[in-house]
Amino acid sequence: MPSLKDLKNRIGSVKNTRKITKAMQMVAAAKLRRAQDSAEAARPYAERMNAVMGGLAASVGNSEGAPRLLAGTGSDKVHLLVVMTAERGLCGGFNSSIVRLARVRANELLLAGKTVKILTVGKKGREQLRRDLGNHFVGHVDLSEVKRIGYANAQAIAKDILARFDAGEFDVATLFYNRFQSVISQIPTAQQVIPAVFEGGAEASALYDYEPSEEAILADLLPRGVATQVFAALLENGASEQGARMSAMDNATRNAGDMINKLTIQYNRSRQAAITKELIEIISGAEAL
Amino acid sequence: MANTLQFDLVSPERRLASVAATEVQIPGADGDMTAMEGHAATITTLRPGVLRVTSAEGVKSYAVTGGFAEINATSVSVLAEKAVPSEEATGTVLDDILAEARELAAAALPEDRDMAEKAVNDILAMKAGLGH
């Protein structure tokens, strides 16, 4: 049975924790709005880009001279997994869900006899994967100094990926990130970026004149397409992280409240018990006289 | 008032402009072209240069560093890698872009060197065009 003083300290500390989690929740809510806005603002570019590239890919894709970024290297022995997580924790299952998806995929590929290389973006994913898949790491991108994710960050990551591709380090690249659904639901997603995949893009490209040639435009666009997809993934991830943190901190705040109630009841009970005990002692002392 | 076409300028981070324009001058990879209402459907890549948009509000120019433009009879969409309104494109902003391009040119593989050096020259021409 803890003493009255212990209980009082305990209540105090839980109250402080509740204040912190409440503040974190509010900060996350503000950041979430901003992250959603930038994800929203980036959408028109990505959509147009995809539409044009989809059209081009449909008309050029099957020809002999199709760029390697589209047609692939002709094998799928070496896979690059780009695992994008947060730089900070305290955001519920956000990081673990991405890591889980990536780990399942990595193990499947390893079982199938493929080579797996892992590029981590964000510290948390790296920490979680290091133990069992650490020897597959080929690189890490640190975004902890970045306050607001810009296209330049995405370009740098894309450049890294493309340089490795040109050097023949891998055949297939897949991004792992959380797609933002709502504050309470983020969907871990695996998206293949190299070779490029387009969903239902085969339409109406024959109507356009191309200047310079279709092949030249496609060769110019594909690397940009990778950067655009990385950028979109970073933004989705950013919004998801804040959403996950917001709901995690909301839960934590509520739990802290419950705990304070429980501890307060226990505190009051023991205080009353102590008083009753003292009274009994006095009364029995008086009766004994 | 001449017929207009819908002009959109988007960069990866945001939409910079969306207006009804009478003519749009585009720095295409193979040379400048001006799109007006009823232009044949065309997709072109951009070289670094100045994009000029004439609309009811007057002429507005943007410095763009690359990307592509999609033109059809009723609209022009420019997807620029980086686009800066000309009034914000001061000497320092352009110098940054130039320095970046020079760096790329220096690091480029021999087969890409020509392209990278062309980009540097295009940026120099753009700078001169904007009066810096």
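Two strands pair if DSSP finds at least two bridges between them. Strands are DSSP runs of type E with at least two residues, helices are runs of H or I with at least four, and both are numbered from the N terminus. Within these terms, Leu80(A) stands opposite Lys117(A) in S2(A). The model is predicted: local features need pLDDT of at least 70 and side-chain atom pairs count only at pLDDT 80 or more, while totals for chains, interfaces and linings use all residues. Residues are numbered from 1 along each chain as its sequence is written, and chains are lettered from A and ligands numbered from 1 in the order in which they are written.

Strand S1 (residues 78-84) and strand S2 (residues 115-121) of chain A run parallel and are joined by seven bridges. Both belong to an open sheet of five strands in chain A. The strand order is S3-S2-S1-S4-S5, with mixed pairing. From one strand to the next, the twist averages 20°. Axes here are lines fitted to C-alpha atoms, for helices over the stretch in contact, and angles run from 0 to 180 degrees between N-to-C directions.

Helix H4 (residues 123-133) of chain A packs on this sheet. The helix touches S1, S2 and S3 of chain A, and its direction makes about 155° with that of S2(A). Two residues are in contact if their C-beta atoms, placed from the backbone, lie within 7 Å.

Chain A is divided into domain 1 (4-21 + 249-288) and domain 2 (30-248). The bounds come from an automatic or database domain assignment. Taken over C-alpha atoms, the domain centres are separated by 52 Å. Four residues of domain 1 contact four residues of domain 2 in chain A. On the domain 1 side, two are nonpolar, one is polar and one is charged. Ala, Val, Leu, Ile, Met, Phe, Trp, Tyr, Cys and Pro count as nonpolar, Asp, Glu, Lys and Arg as charged, and the others, Gly among them, as polar.

Between the chains, 20 residues of chain B are in contact with 21 residues of chain A. On the chain B side, strands S2 (15-28), S4 (42-46), S7 (67-71) and S8 (75-80) each supply at least two residues. S4(B) gives the largest share, four residues. By class, this side has eight nonpolar, six polar and six charged residues. S4(B) also runs parallel to strand S6 (residues 209-211) of chain A, joined by three bridges. There, Asp209(A) has Thr42(B) as its bridge partner.
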